[in-house]
Amino acid sequence: MLPENGIGENMKQYRSVKALIIILLILPISNLFADDITSGEKLFKQNCTACHTMTSARLVGPGLEGVTDKYEKEWLIKWIRNSQELIASGDERAIAIFEEYNKVAMTSFDFSDQEFSDLLAYLANPPVIEEAIATSNNIPIEEGMSTSTKLMIISLVLVTLVYLLVSLKNNLKSALGKDTETIPETLIGQYSLFISNNINVIFVSAIFTIIMLKFTYDGLMGVGVTTNYQPSQPIEFSHKIHAGQNGVDCNYCHSSARKSKHSGIPSANVCMNCHTYINEGSITGTTEIQKIYDAIGFDPKTRTYIDGYVQKPIEWVRIHNLPDHAYFNHSQHVVAGGIECQECHGPVEEMDVLYQYSELTMDWCVECHRETEVQMEGNNYYTHLHEQLKEKYKGEKITVDKMGGLECAKCHY
Amino acid sequence: MKYRFIIICSIYLLVTSCSNDGRGYEYMPNMYRSPSLETYGKNKIFNDSINARKPVAGTIARGYLKTFNYGPSLEDYLLAGEHAINPLESNSDNISDGEALYSMFCEHCHGPDGAGGGSITHPIYSVVPYYNDDKQKRRSGTTMSELKSGHIFHAITYGLNAMGPHASQLTETERWKIVLYVQELQKYSNE
């Protein structure tokens with residue numbers, strides 16, 4: 001046993017020494033290349049990304065793809081250190097850039113020599129990751145079929161099945177030497193066989209009547225109820241991408257929900273806060289974003305607004321629409337009530353195409369008012385009223401209906 | 001053959017007629033749609049037929065008196081940094097209001113601590129300057145951590161670099177509250 005152990009120990013030691021040697025050999029080599037670029041990347045991300053991309057796309061400043069081929073190292077360092085000085089010295093290339101980019105002065109960066117060489121190493125060898133991002137974002141389009149396509153496929157399968165069965169029957173019949181039938185003849189034959197029995201007729205008519213009654217009832221109850229209403233919009237805007245994947249708060253675009261009756265449809269300038277620089281969507285490419293530019297007159301190539309452009313509104317289709325005889329106020333529910341948007345609007349952050357989630361019927365409103373407790377804490381304005389309510393309903397839950405949330409004139413006036 | 005065609009057609013029509021594109025029926029549409037104009041709608045009165053009108057030039061809405069009189073230019077940005085004064089007191093109420101507003105309007109790019117890492121991962125907006133950066137001098141002539149309230153307010157109002165203007169989404173009071181919270185984040189330390 002002992003010698004074996006000894007060999008084992010030796011082997012382990014040998015292995016770890018070998019590993020150490022390999023690491024020691026690799027480290028300096030990778031240091032030579034990788035480290036320069038990674039620390040350069042860090043510098044770039046912290047200081048440059050607000051104005052420059054690593055592609056050819058123009059941002060506030062020019063895209064930096066191939067910038068190290070266009071300009072020599074010394075010139076770039078001078079420019080980054082103090083571009084204004086370089087312009088003042090009468091350098092033609094510097095003046096040309098300054099003029100081209102609307103005379104926006106670039107911030108001066110006082111990097112050390114080491115930092116400059118890291119940064120330039122990164123600029124000369126940018127990583128190729130953007131392609132990967134684009135393709136990974138493209139995958140979700142293919143997932144899932146709509147229900148109507150599924151139904152189409154099922155009905156097609158059924159029709160082919162009928163056709164196959166009838167031709168099989170005909171084959172058998174012709175093999176036996178009997179007369180063959182066409183599909184309608186078979187269907188009519190089966191039908192007359194079925195209605196020759198009275199019980200069958202009664203049974204079918206009873207089922208038919210029940211189904212008709214059910215449809216009539218549902219139809220009447222559905223008058224004015226537009227749950228699941230999902231119209232196609234003038235721009236294929238996806239809440240799933242904006243609110244879900246990008247995590248933009250609802251209030252960012254619907255900023256008047258906190259202040260007004262309406263939650264507010266963002267005007268195009270809110271879109272432009274990001275889409276001045278993001279000109280391509282992950283699913284629809286440039287087509288849908290171009291519609292914003294067409295509405296307000298923006299040229300994504302030069303990133304400027306077109307002078308004298310006749311702007312036209314984007315005609316979004318309204319989904320949530322209470323009848324005019326009912327009053328609803330967003331700010332009352334969002335600010336005073338502290339209700340999350342999703343409670344009424346459903347999982348908007350998962351919807352590619354928005355639909356109406358709740359019924360928006362009076363029954364639906366009243367039910368919530370009966371169940372929702374009033375937020376008493378941190379509401380200085382109504383302190384006195386809340387004290388009175390607590391006195392009146394000792395020990396009970398104080399819900400919205402207890403302070404007049406079911407009064408007719410609260411919503412109908 | 002004729003029958004088969006009709007059957008296939010009718011099945012196709014039955015299947016494709018199911019969609020959620022329509023609004024369905026309304027009972028007494030006169031009560032549903034009153035003659036008064038809705039905010040987002042059309043009318044026949046104005047040439048452009050838009051219901052949402054812009055206020056007359058020079059209108060000052062109640063509570064919207066200007067507290068910040070600087071233009072969008074770089075000179076005004078520098079002037080604002082030097083001279084603009086936050087009318088709000090830096091107390092815990094205002095700062096917590098500012099924090100709530102920050103989470104709605106800023107966090108998806110600037111991150112929860114003002115040190116980046118927001119939920120937007122697009123290459124252009126994924127990396128933003130840190131509020132607590134005290135090394136690199138910026139266009140203001142100061143580092144990020146030394147930005148004055150006027151600089152921050154100017155950036156929110158008119159935008160800066162890749163950041164867009166947010167004046168239409170936030171009132172001036174709300175912007176000053178965000179400024180107070182951002183000034184707290186400037187003191188935030190990574191360690």
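Student: Among contacts in chain B between residues at least 6 apart in sequence, what share joins residues at least 24 apart?

Tutor: Two residues are in contact if their C-beta atoms, placed from the backbone, lie within 7 Å. This is a predicted model, in which local features need pLDDT of at least 70 and side-chain atom pairs count only at pLDDT 80 or more, while totals for chains, interfaces and linings use all residues. Residues are numbered from 1 along each chain as its sequence is written, with chains lettered from A and ligands numbered from 1 in the order in which they are written. Among chain B contacts between residues at least 6 apart, the share joining residues at least 24 apart is 52%.

Student: How many helices does chain B have?

Tutor: Helices (H or I, at least four residues) and strands (E, at least two) are DSSP runs, numbered from the N terminus. Read from the N terminus, the elements run α-α-α-α-α-α-α-α. Chain B has zero strands, and its helices number eight.

Student: Which helix of chain B gives the most to the side that touches chain A?

Tutor: In this interface, 44 residues of chain B are in contact with 54 residues of chain A. Helix 1 (2–16), helix 2 (29–32), helix 4 (92–105) and helix 6 (123–126) of chain B each supply at least two residues of that side. With six residues, the one that gives the most is helix 1 of chain B.

Student: How are helix 4 and helix 8 of chain B oriented to each other?

Tutor: Their axes (lines fitted to C-alpha atoms over the stretch in contact, with angles from 0 to 180 degrees between N-to-C directions) come within 7 Å and cross at roughly 95 degrees. Angles under 35 degrees count as roughly parallel, over 145 as roughly antiparallel, 65 to 115 as roughly perpendicular and the rest as oblique. The two helices are therefore roughly perpendicular.
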